[in-house]
Amino acid sequence: MEKAENKYRFILSILNKTKREIVINSPFGHPAWIEIDLIQFKKNILNIKKHIGQTRLCLPIKANAYGHGLIPIAKSACEAGVEYLGVSCLQEGALLRHAGIQIPILVLGAIHQEQIAELIHYDLEFTIASFYKAKMVAEICQQLTKTAKVHLEIDTGMQRTGVRIDTAPSVIEFLDNHPCFELIGVYSHLATADEPQNPFAQSQIQKFKQFIEAHIATRDKKILCHIANSGGVVHFPDSYLDMVRPGILAFGHYLPLTQAFKDIRPLFSVKAKVAYFKVVPKGEGVGYGHRYTTERDTRIITIPLGYGDGLRRCLSNKAHILMKGKRYPIAGTICMDQFMVDIGQDPAYVGDIITIIGEDGHECMSVNEMGRLCETISYEILCGFNNRLPRVYHLENGSQWENAFLDCAL
Ligand SMILES: Cc1ncc(COP(=O)(O)O)c(C=O)c1O
C-alpha cells in the first residue's frame, strides 16, 4: 500500500512542479499545445444539469477525462456541481483522491483481486459484475475487516460486462447477506443509444426499469439506479432515473445534438506555431515517400507536431489546418514530430499560430470531422493526444491560464 501511495504522490509532485505561470501562446516554451476551455465545460455541465433536473450527474472522466486532463476536469466538474465522477480503473480514482477530490467516485471497469484493498483504502465505489467477483470481494473484506461500497452492474444487452438480469436477484441477495457490502447502486449500459431510431436502447431501458420495479423499488434503503450515457441523456429522457453518466456530451462532441442541447460545444483545441517556411517549385515531392507533389510553385510550412503527439498518421494528405481563418491541406505524410502544409501563395511567418483542431474565424476543424477522416469516432481522436503536448486551461477570469502537463503519466 505504501508503495502505491508513493507512486501517486510522485505523479502529483511532477504535476505540481510543472504548474507555473505561462505565456499563453507558448506553454513551457513548447511550440504545440492543447487548449481546454473550462468556461465552456462548465456551461456544458450546467446545460445538462438543467435538463436532467433532480437526477444526479455522474461525469465519466476515464482515459484522462477523454484526453482533456483528469485532475483539472475533475476539479472544474466539482465546481460546476457534478455529484459523482466515473473512472475506468483504480489508478484514475487514486490519483483523484490524492489530488483532493472528495465527491463519490465510481470505478466502472472490471476490478481485480489485487486492487480491492486499495479501492477500499481510497474510498472508491466499484462495480460488482459477477458472482465470482462478489465472493472474492467478500473474502478480502473479511480478511481486512473492511466494508466495500459497490454498484451492481446488470447486463441488459451490451454483452460486455454485468450479471445477467435473471442472475441479478441472487447476487443482490448475496450482497445483502454479507455485512461487508454497502450496495450503493445498480446500473446498466446502453449499447445503441446514439442511434435514436434503433429500438434496442428503448428495450434495454424497459428491461432495466422492470428489474428495478421488481427488485429495487421495494427496498427500504435508497439505491441509485443508472443507465443513461450521452445518447440516453439526449434521446431518451425516460432513462434518466436516479443518475446519468454522459461523457462525450459533456465534452461537447456528441452527435446528433437535439434542439434542447444545441448550446453544448467542444472545449478542446489543438494549436501550434509555424516552425519553418520554404518556397517549393512545381512538381516537387514533399515528405516521406514523396506522397504529395506540388502542382505549382508554392509555399510549404512545417508544423512541429506529429503522430508522436497523437495526430493520426492516416490524416496525411487528408486533413486541413486553419490559419488566419482559412483552410490549408496537410501536404504528404505526417511524421512523428512534424508535418507539412501547402499554403499556396498566402503569407506565413515562423511563429504564426495555426489551429489543428478548433475554430479560427469562420472555419472549424472539429474532432468529429477528424474522426470521420480517420474512419473512427471522436472519443478515439481525443484520447489519442498524449502528454507531450502541454494542456493549457482557460479559466473564468478570461486572462488567467493555468497549466498542467499531465495527469495520466502513470
Ligand atoms: C459504463 C459507462 N458509462 C458511461 C459512459 C459514457 O459514455 P458516453 O461518453 O458515450 O456518454 C461510458 C463510456 O464508455 C461507460 O463505459
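Reader: How many residues does helix H7 have, and how far does it reach from its first C-alpha to its last?
Author: Helix H7 covers residues 131-144, which makes 14 residues, and in this predicted model the helix reaches 20 Å from its first C-alpha to its last, close to the 20 Å expected at 1.5 Å a residue.

Reader: OK, and which residues in H7 are buried?
Author: The buried residues in H7 are Lys 133, Ala 134 and Val 137.

Reader: You mentioned H8, so which of its residues are buried?
Author: In H8 the buried residues are Ala 168, Val 171 and Ile 172. Seen down the axis of H8, its buried residues fall within an arc of 100°, so they line one face of that helix. On the face of H8 turned away from the buried side sit the exposed residues Ser 170, Glu 173 and Asn 177.

Reader: What covers the buried residues of H8?
Author: Helix H7 is part of that cover, which also includes strands S5, S6 and S7 (163-164) and helix H9 (200-215).

Reader: Changing topic, how many residues are in the largest nonpolar core?
Author: The largest nonpolar core has 114 residues, and those with the most contacts inside it include Leu 85, Val 107, Leu 152 and Leu 249, as well as Ile 303, Val 341 and Ile 356. Helix H4, which spans residues 70-79, gives the most to this core, with five residues. The core also draws at least three residues from each of domain 1 (38-255) and domain 2 (268-365).

Reader: Why would nonpolar side chains be buried together?
Author: As a general matter, nonpolar side chains in soluble globular proteins tend to be buried together.

Reader: Which residues does Val 107 touch?
Author: Leaving out residues up to four places away in sequence, Val 107 touches Val 87, Cys 89, Leu 90, Gly 93, Leu 119, Leu 124, Glu 125, Phe 126 and Thr 127.

Reader: Back to the domains, how many Å separate their centres?
Author: The centres of domain 1 and domain 2, taken over C-alpha atoms, are separated by 42 Å.

Reader: And for the whole protein chain, what is the radius of gyration?
Author: The protein chain has a radius of gyration of 24 Å, which agrees with the value near 22 Å that a compact globule of 410 residues would have. Along the principal axes, its C-alpha atoms fill a box of roughly 80 × 50 × 40 Å. Of the 410 residues, 44% count as buried, and the secondary structure comes to 12 helices and 22 strands.

Reader: Which peptide bond is cis?
Author: The bond from Leu 255 to Pro 256 is cis, with omega near -5°, and Pro 256 lies in the loop between strand S10 (243-244) and strand S11 (268-273). For background, most peptide bonds are trans, and most residues other than glycine have a negative phi.

Reader: What is phi for Ala 63, then?
Author: Phi of Ala 63 is near 50°, a positive value in a residue other than glycine. Ala 63 lies in helix H3, residues 62-66, and counts as buried because 20 other C-beta atoms lie within 10 Å.

Reader: Is Lys 262 buried or exposed?
Author: Lys 262 counts as exposed, because there are 9 C-beta neighbours inside 10 Å. Lys 262 has its place in the loop between S10 and S11, and although Lys 262 and Asn 47 are 215 residues apart in sequence, they are 9.5 Å apart in space, C-alpha to C-alpha.

Notes
Residues numbered from 1 in each chain as written. Predicted model: local features only at pLDDT ≥ 70, side-chain atom pairs only at ≥ 80, totals over all residues. Core = buried A, V, L, I, M, F, W, Y, C linked by C-beta atoms within 7 Å. Buried ≥ 20, exposed ≤ 12 C-beta atoms within 10 Å, placed from the backbone. Helix = DSSP H or I, 4+ residues; strand = E, 2+ residues; numbered from the N terminus. Domains from an automatic or database assignment. Contact = placed C-beta atoms within 7 Å. Expected span 1.5 Å × (residues − 1). Arc of directions from axis to C-beta. Rg over C-alpha atoms; globule rule 2.2 N^0.38 Å.
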